[in-house]
Amino acid sequence: MSEAAVEKALDQKMNTVPLKMIGKDVSVYYGEKRALFDVNLNIRENTVTALIGPSGCGKSTFLRTLNRMNDTIENCRVTGRITLDEDDIYDPSIDVVELRARVGMVFQKPNPFPKSIYENVSYGPRIHGLARTKADFDEIVETSLQKAGLWNEVKDRLQEPGTGLSGGQQQRLCIARAVAVSPEVILMDEPCSALDPIATAKVEELIHELRANFTIVIVTHSMQQAARVSQRTAMFHLGNLVEENDTDKMFTNPDDQRTQDYIMGRFG
Amino acid sequence: MTDVASPTVRVSTRPAESRRDIGIKRRYAAERRFRAYGISAIVIGLFFLAVLVWSVVSKGYTAFQQTTITLPIEFSEKVIDPKNERATDTKQLMTANYPVLVRDALVKQLGIDPKKRPLVKQANDMVSDSVRTQLRDIVVADPSVIGKTIPVTLLADANIDSAFKGQIDLKVEESKRKVKDQQVAWMNQLAEAGVLKKSFNTGIFAFGASSRPEAAGVGVALVGSAYMMLIVLVLSLPIGVAASIYLEEFAPKNRLTDLIEVNINNLAAVPSIVYGLLGLAVFVNFAGMPRSAALVGGFVLTLMTLPTIIIATRAALKAVPPSIRSAALGLGASRMQTIFHHVLPLAMPGILTGTIIGLAHALGETAPLLLIGMVAFVVDYPGSPLEPSTALPVQIYMWANEAERAFVERTSGAIIILLIFLVIMNLGAILLRRRFERRW
């Protein structure tokens, strides 16, 4: 199949899915060093998009541009344009606090606050004023923990510290915490790299379920995980976007030789 | 079977590789040596600590006992108010010759002929001169005692106090010591009668400065120190924490903030007397604040404590894992919310420990206070931080300069009091730390 034909087939398959976020010519500089080179990558709604590539290829950097977490790094500069539902998220009129409420994030290492499970989940809704009464908070906490598949495990010990949970539970608590704010997009930066296979399986299952309500972007080092959880995959290499494709196609018949090599384990 | 057996055979037939000589014995010996150094360092430290505590306590514990003489005092109207003017002249009760009452009571108690002047004088020397104010206070508080006879517990003179505690060598020739044989005899006579005895010295905690050791105490100095600690805490904690949060969380890293950081670290090492000079120049001479006032002392100590608190607070803030910050920021918390909801509570134990250690440091500081005039002879309790006052370590310094035997034990006694306060503060730091850490 020629490249053009592939594009066409692809468009036909995916064009019904609206675009949630559009990244156009995104470049990131850390001081003098350039970490991303004019990346054009679109995130489709209610889709899991996996970002893969060798270490230092810029996939996490790209992920962090999507909710402006790079702002917290000194000397970091982002050029290009990223939109979320038509809003340019780097526009000065956009409030970064509001943006991060719409684009939540789950980190590599589970990082629950050293507070109770209840407080961990209710913190986001509290600072964003999503609930007023105790009953509202209780409800948000319960539904969020249910969405994260953690409710049955912790419902009897909501007042116990979140840091006392196991690693996998902590990560699902972090997902519940992100979900509690009702974001539109959830960014996950290698969410399973610190977890054992069983906890990983649970988180992956959770990602499947969350896809119904949220748009998910996940950075992962595991090819199998990308293949299992995502519908779209983007391959980064040395700060460039090498290829973006349907996951099925990416893992069976990638367009780019580098993708092929990386997936086959020839480098990276 | 052969598959399993053959590798075993192959391994066993291979000649043992000669190991590189890595000097295992030497390594262990070095480790043992290093441990021995550490243990001996600790032993030396503990030894000197023990010597310090022993020397202070052995000299000072007697300061917490005071010899007193309980005598039935006849508040004779003839002595206090011979012309019966007290209703019209308020000065009369203030200026009456109260020591005479004590002398008469003592002479009666000892059975001395009142006409033998030298003997009466010797007897009178056995009680403290402070009886004048003591009796005056009783009469002024309740003039109805005039004409009655009431038993009053009086302070013994410092020399009798020392003699009674066995601190004066009675083998020394009588003319070369301050306590005469006759007085010692009387002292023993009174002690046998149960009139003269040792009791717990509340005065050392209550009295102010006095040239009479038996009437000198650290009470006034304690109040001065308390004022200063309060000022230091109220000023340095918010200023220090605010400065640290700004420098650690908000300030851009550039040459200016680097310069500020270097300066803060240097300020922590500036000798405290320099802060005293600064306080003298700025607060007293330029701003015209009163000399010897606890307010100025508090300001100077605040300046001295700030670098300590800032350094401790910054270290505590730095120790909060960045993942907590990312978590809060990722949820859409503002920087302020991130700091006040998450970072600061986690840094609190470190901040409080730093603050209390800074305060303890300030409590024991003497040199800057000397320069701003707090080395003052303050008899009365300061009613406000603006009134002349002195501080506990300054009181120790002043007593250490006194020549009298009785001041030696009081100096050590005051050091014990200061050390107790320091220990309490450090314990407080440890407890606070535990309490906050145990939360999660």
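Reply: In this predicted model, Tyr118(A), Val121(A), Ser122(A) and Pro125(A) of H4(A) meet a set of residues in H5(A), namely Phe137(A), Ile140(A), Val141(A), Ser144(A) and Leu145(A). By residue class, this contact of H4(A) with H5(A) comprises 7 nonpolar and 2 polar residues, with no charged ones.

The geometry of the pair can be stated as follows. Helix H4 of chain A covers residues 117–127, helix H5 of chain A covers residues 134–147, and their axes come within 9 Å, crossing at roughly 110°. Angles of 65 to 115 degrees count as roughly perpendicular, and H4(A) and H5(A) are therefore roughly perpendicular to each other. The handedness of the crossing of H4(A) and H5(A) is right-handed.

Turning to the two chains, 22 residues of chain A are in contact with 15 residues of chain B. On the side of chain B that touches chain A, helix H15 (322–330) and helix H16 (335–363) of chain B each supply at least two residues. H15(B) gives the most to this side, with 6 residues. The residues on the side of chain B that touches chain A divide into 7 nonpolar, 7 polar and 1 charged.

Finally, the domain assignment of chain B lists domain 1 (69–199) and domain 2 (219–438). Taken over C-alpha atoms, the centres of domain 1 and domain 2 of chain B are separated by 46 Å.

Key: Residues are numbered from 1 along each chain as its sequence is written. Chains are lettered from A and ligands numbered from 1 in the order in which they are written. This is a predicted model: local features need pLDDT of at least 70, side-chain atom pairs count only at pLDDT 80 or more; totals for chains, interfaces and linings use all residues. Two residues are in contact if their C-beta atoms, placed from the backbone, lie within 7 Å. Helices (H or I, at least four residues) and strands (E, at least two) are DSSP runs, numbered from the N terminus. Ala, Val, Leu, Ile, Met, Phe, Trp, Tyr, Cys and Pro count as nonpolar, Asp, Glu, Lys and Arg as charged, and the others, Gly among them, as polar. Axes are lines fitted to C-alpha atoms, for helices over the stretch in contact, and angles run from 0 to 180 degrees between N-to-C directions. Angles under 35 degrees count as roughly parallel, over 145 as roughly antiparallel, 65 to 115 as roughly perpendicular and the rest as oblique. A crossing is left-handed if the near helix is turned anticlockwise from the far one by less than a right angle, and right-handed if clockwise. Domain bounds come from an automatic or database domain assignment.
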